Amino acid sequence: MTQTHSTASITHTTCPYCGVGCGVTVRQHGNVLSPVSGDIQHPANAGRLCVKGSSLHETVDQIDRLLYPTVLGKRTSWDNSLNLVADKMQQVIHDHGPDAVAIYAAGQILTEDYYVANKLMKGFIGSSNLDTNSRLCMASAVVAHKRAFGSDTVPGCYDDLEEADLLILVGSNAAWAHPILFQRIAAAKQARPEMKVVVIDPRRTATSDLADLQLSLRPGSDALLFNALLCWLSDYDALDHDFIQQHSEGFASTLQAARDSTPDSLQECAQQLGLDKHDLETFFQWFASTAKTVSVFSQGINQSSSGVDKGNAIINAHLATGRIGKPGATPFSVTGQPNAMGGREVGGLANQLAAHMDFSAPEVDRVRRFWQAPNVATRPGLKAIELFDAVKRGDIKFLWIISTNPLVSMPDADDVKAALARCELVVVSDCMANTDTTAAAHVLLPAASWGEKNGTVTNSERCISRQRSFLSPAGEAKPDWWILAQVAQRLGFEKAFDYQHPAEIFDEYSRLTGFENNGERDLDLSGLSGLSRSQYDAMAPTQWPVNRQYPQGRKRFFDDQRFYTPSQKAQFIAITAALPASRHQDGSLIMNTGRVRDHWHTMTRTAKSARLAQHIREPYVDIHPDDAKRLTLVDGALARISNHRGKILLRTNITTNQRAGEIFVPMHWTSRYASAARMGVLIDKSCDPFSGQPELKYTGVEAEPFPTAWQGMILSRHDLGAVPCDYWVYGLNDGCHGYEIGGNQPLEQIQDWAQQQLPDAEWLTLHDPDTQHMRLLAIVDQQLALVLFVHQDQAIGTRQWLVEQFAQTSLTITERKALLAGRPLEGVVDQGRIVCSCFGIGENTIRDAIRSGCHSADQLGDTLKCGTNCGSCVPELKALIQDTHSECS
Ligand code: SF4
């Protein structure tokens, strides 16, 4: 709701990043936006925000925005572009049938957008070829839930994570991927130190900082671990026999399947898992003896060729101990995206129909009658990988991509690029103009962005929140629901898509969830139907279901032991644990992928914030010291990671956090921000047979040094786009654009290119071709316009003091000399790489404070403030304390 006070308007909305779904308060004075803050009323975050959320106001400019429709790169009107899209859809459907068109959307769009897209495709076009990037996020959890509970129900709530006595984080780097949830857990553990935390992850991450026990298991062996746990619980009589007998089915065959695929000896089991026997036994004992146990699982489980089985192996352990539907006792799937939940609720995956209904004849009939749509799809459509393969084969001739960047995020991303090149018409609606995917589109439609959009999202605990607009759309941008409805109307479905406001869409969707429900479907929002616009505007965050039985929402499902299966009993699912297929034919190392702390997806928003760009400036590869030694990789030097599908260039980071034989690569950098860092080009198309979710965490690759004749950096007042050298990475600074560069091109070539960027500038140069040492400064109107430093290696030192020189309105001769010498003037402090993004505190400053007597993160916080806002950097502060102490000892 937006409230206007005498001088400021205040809007309560939600963060558009991760699945925690924090509430955000936005204050505006006229056109001026104040720094955003956490909404203290929102149940997910109660006023907290992580650094991504608290930088949101820095990302709402119009730079790189898609501002008006284009066809083949030429600006056109909305009318022309919508007519063209509708005409082409109609022609393809007429000539080739409805399955020759497809939509690929995203967990970024709002529930109302999703609902309209789903209704258009599955209700009126008559094809289920609507899939989304949620396929890459949590499709496996959806299937695991449906197999066990008969419905895609998240049983618990965030409070359960705080109430647990044993919290298991499996396949989840919550400290970086779900920071506020992690902060809630950290605070709960601080208040109750007896609460135990187990982190199950092949690599040690920032989340491990909280762990009482870290199980760095062999990648992909999670199902074996939880099968072994089930056998242990049975052997040591730690089962809930009443629950198993009265409220579940399939226990005996499930236990037998677990026994059949689990070694009898604990030692042998530990060996197969790559774990220490004592650690494994400790985990089993803790699980067996702790009634209040929560198992949080995320992408490390889902993004796997056996992700559904892994999810069910976790759920099996909870059912066997009756730990579901109780405070502090539940399995808990956490979604990656802000509205992946809303998408799966409306039916926005190709294997769902609508509103938690699938393709049984009665469900198809019910949806048909509700929508009054004679053409309702009667069978599932193509899941993401199948969908792009069908585009490549030419079976899909019209593709509409909404708010996502599959040319970066999909496995075998170059194959997706090739597929799009063969498609008769590719439409992309997006808020950004310059992405790998917009470059492949015939038609670009400008979509409204965060701050401009109005609707609802659902977070990982089923809480529906309003996302409210407080800005006018940039240029001619429109909400996604409007764009979809306009095309639907042009296809002849005027009446069914005559929406004037998202409140009308939400009302229709709520009525569908309650339609002939009678308590048979978990998703029921009938209590939210019939809201007036002002009630919709004022809607407070609410956990579904909201109906006659639960008018205020429901915190926990299955507290009544009633499941949505035909027998109303939970289903054990027999799992034969399978390790990922060997990828060693593709390379001797296994590549894992994931998020970094301060970036989001393909960086289209987070790259706009200098604060966020400072934490990790370059894409990197984490590699164990033994592998680095064997492969002659040097810490801080460039490495080429490759297999037969492609190659990428990354900065080497040697760390014992990584198991030998395995590497980690972040997922975020695209062709817009780096010369060659799209990790998706290396990944093959293996996916889970039930969910279709790709295996994004287990790819065979090789690593080798990438020698360069020179390395360096550029700072520029203007965005320079791609740099003509082997390696470049873009990152925004306060007041200038930054590039890390390296290559084997002649230095004169990079010098000529730089000077062509500013033909009228005054240039100061220092160049020694023998040592590949070059410094260039461009001065325009007495101000620094560009700095280019190149050395034989990366020994440039920090850039922070140079960045600050861009704020100078007039550079003195002495300052110019100091700049050319590459040395700060006396008295200018070099604080080094930024660790605490919230307060801009650098590594050198933190290390100095540690050397001066700060021995804990709390003491650093008292002295420097670092880590005292969002807390995301606390694990790094602790690591710096340890590292600095070991340097000193
Ligand atoms: S944890 Fe951070 S990124 Fe996630 S919703 Fe909250 S503020 Fe946004």
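This is a predicted model: local features need pLDDT of at least 70, side-chain atom pairs count only at pLDDT 80 or more; totals for chains, interfaces and linings use all residues.
Residues are numbered from 1 along each chain as its sequence is written, and side-chain values use heavy atoms, with hydrogens and water left out. Local features need pLDDT of at least 70 and side-chain atom pairs count only at pLDDT 80 or more, while totals for chains, interfaces and linings use all residues.

Helices (H or I, at least four residues) and strands (E, at least two) are DSSP runs, numbered from the N terminus. Two strands pair if DSSP finds at least two bridges between them. Strands of a sheet pair through backbone hydrogen bonds, either parallel or antiparallel.

An open sheet of 7 strands has the order β7-β6-β18-β17-β16-β8-β9. Its pairing is mixed. β7 (74-75) and β9 (130-132) stand at the edges. Each has a single partner strand, so one side of each is left without a neighbour in the sheet. Within this sheet, strand β17 (residues 425-430) and strand β18 (residues 443-446) run parallel and are joined by 4 bridges. Ser429 stands opposite Leu445 in β18.

Axes are lines fitted to C-alpha atoms, for helices over the stretch in contact, and angles run from 0 to 180 degrees between N-to-C directions. Helix α20 (residues 480-490) packs on the sheet and touches β8, β16, β17 and β18. The direction of α20 makes about 160° with that of β16. Helix α2 (residues 78-96) lies across β6 (70-71), β8 (101-105), β16 (398-402), β17 and β18. α2 runs at about 130° to β18.

α20 also packs with helix α3 (residues 111-125). Their axes come within 8 Å and cross at roughly 20°. α3 and α20 are therefore roughly parallel to each other. Angles under 35 degrees count as roughly parallel, over 145 as roughly antiparallel, 65 to 115 as roughly perpendicular and the rest as oblique. The crossing of α3 and α20 is left-handed. A crossing is left-handed if the near helix is turned anticlockwise from the far one by less than a right angle, and right-handed if clockwise. From α3, Glu112, Asp113, Val116, Ala117 and Leu120 meet Asp480, Trp481, Leu484, Ala485 and Ala488 of α20. This contact has 7 nonpolar, no polar and 3 charged residues. Ala, Val, Leu, Ile, Met, Phe, Trp, Tyr, Cys and Pro count as nonpolar, Asp, Glu, Lys and Arg as charged, and the others, Gly among them, as polar.

A further open sheet has 5 strands in the order β12-β11-β10-β14-β15, with parallel pairing. β12 (213-215) and β15 (330-333) are the edge strands, and each pairs on one side only. From one strand to the next, the twist averages 15°. Strand β14 (residues 293-297) runs parallel to β15, and 4 bridges join the two. Val294 has Thr330 in β15 as its bridge partner. Helix α14 lies across β10 (166-170), β14 and β15, at about 175° to β14.

α14 (residues 307-320) also packs with helix α8 (residues 222-235). The angle is about 20°, and the axes are 8 Å apart. α8 and α14 are therefore roughly parallel to each other. α8 passes α14 in a left-handed crossing. Contributors from α8 include Phe226, Leu229, Leu230 and Leu233, and those from α14 include Ala313, Ile314 and Ala317. By class, the contact has 9 nonpolar, 2 polar and 2 charged residues.

α8 also packs with helix α12 (residues 277-289), at about 60° and with axes 10 Å apart. That makes α8 oblique to α12. Here the crossing is right-handed. Among the α8 residues in this contact are Phe226, Leu229, Trp232 and Leu233, which meet α12 residues including Phe283, Phe284 and Phe287. The contact has 11 nonpolar, 1 polar and 1 charged residues.

The ligand is surrounded by Cys15, Tyr17, Cys18, Gly21, Cys22, Leu49, Cys50, Lys52, Gly53, Pro179 and Ile180 (a residue is near a molecule if one of its heavy atoms lies within 4 Å of it). α1 (51-54) and α7 (179-191) are the elements that give two or more residues to this shell. The shell divides into 8 nonpolar, 2 polar and 1 charged residues.

Two local backbone features complete the description. Ala46, in the loop between β5 (37-38) and α1, has a positive phi of about 45° although it is not a glycine. A cis peptide bond joins Trp544 and Pro545, with omega about 5°. Pro545 lies in the loop between β21 (542-543) and β22 (570-571).

Notes
Contact means heavy atoms within 4.5 Å.
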